[in-house]
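The exercises below take a single structure and work through its strands, charged pairs and loops. Keep the coordinates open while reading the solutions.

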Amino acid sequence: DYTGASVTPSVAVLRSDDSLAYAGRIDDRYAALGVSRAIATRHDLEDAVRGVLSAGASATPTPATRTAAVGCTIAP
C-alpha cells in the first residue's frame, strides 16, 4: 500500500528518510503481458538506486519517479 504497487513484479526504492524515490518496473523487458524484448533497453531500478546513492543524505528529496510495471494484479 505504501508504495502503490498494484502488479507483481514491482519494485520500490526508498530513501534513508523512508520517502519514496521510485516505484514501478524493474526494466523495460516486458512491454505488455506476453510481449517481451530479447533484452532490456532501460534499467529503471538500477537508475533509481544509482540516483538515490549519488544524491546522498543532504539532497532535497524530489517527487517519486514512477513507471508502469507489467505483470499480474496484486489482489487487495
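Asp-27 sits in the loop between β3 and β4, where strands (E, at least two residues) and helices (H or I, at least four) are DSSP runs numbered from the N terminus. The model is predicted, so local features need pLDDT of at least 70 and side-chain atom pairs count only at pLDDT 80 or more, while totals for chains, interfaces and linings use all residues. Residues are numbered from 1 along each chain as its sequence is written, and side-chain values use heavy atoms, with hydrogens and water left out.

**Exercise 1.** Describe the surroundings of Asp-27.

Solution. Start with accessibility: Asp-27 has 24% relative accessibility and counts as partly exposed. The classes are buried under 20% relative accessible area, exposed over 50%, and partly exposed in between (1.4 Å probe, protein chains only). Next, list contacts (heavy atoms within 4.5 Å). Leaving aside neighbours within four places in sequence, Asp-27 touches Ala-40, Arg-42, His-43 and Asp-44. Then check the side chain: one of its polar atoms lies 3.0 Å from the backbone nitrogen of Arg-29. Finally, take a separation: Ser-16 is 11 residues from Asp-27 in sequence and 23 Å away, C-alpha to C-alpha.

**Exercise 2.** Find the salt bridges and state which residues form a network.

Solution. Apply the rule: a side-chain nitrogen of Lys or Arg within 4 Å of a carboxyl oxygen of Asp or Glu. The count is three.

- Step 1. Arg-25 pairs with Asp-44, with 2.5 Å between the closest N and O atoms. This pair links distant parts of the chain, 19 residues apart: Arg-25 is in the loop between β3 and β4 (30-32), and Asp-44 is in helix α1. Asp-44 is buried, at 5% relative accessible area.
- Step 2. Asp-44 also meets Arg-42, at 3.5 Å from N to O. Arg-42 is partly exposed, at 46%.
- Step 3. Glu-46 pairs with Arg-50, the closest N and O atoms being 2.8 Å apart. The two are four residues apart in helix α1 and therefore separated by about one helical turn. Glu-46 is partly exposed at 38%, whereas Arg-50 is exposed at 54%.

**Exercise 3.** Work out the strand order of the three-stranded open sheet and how its strands pair.

Solution. Two strands pair if DSSP finds at least two bridges between them. Strands β2 and β3 run antiparallel and are joined by four bridges; in one of them Val-13 has Tyr-22 as its partner in β3. β3 (residues 20-24) and β6 are parallel, over two bridges. Here Tyr-22 is partnered by Thr-65, and Ala-23 by Arg-66. The order is β2-β3-β6, with mixed pairing. β2 (11-14) and β6 (65-66) stand at the edges with a single partner strand each, so one side of each has no neighbour in the sheet.

**Exercise 4.** What covers or connects the strands β2 and β3?

Solution. Helix α1 (residues 44-55) lies across β2 and β3 and runs at about 5° to β2. Axes are lines fitted to C-alpha atoms, for helices over the stretch in contact, and angles run from 0 to 180 degrees between N-to-C directions. In β3, five of five residues are buried. The hairpin of β2 and β3 has five residues between the strands, and Asp-18 there takes a positive phi near 70°.

Note on methods. A polar contact is a pair of N or O atoms within 3.5 Å; within protein, one must be able to donate a hydrogen and the other to accept it, and residues adjacent in sequence count only if both atoms are side-chain atoms.
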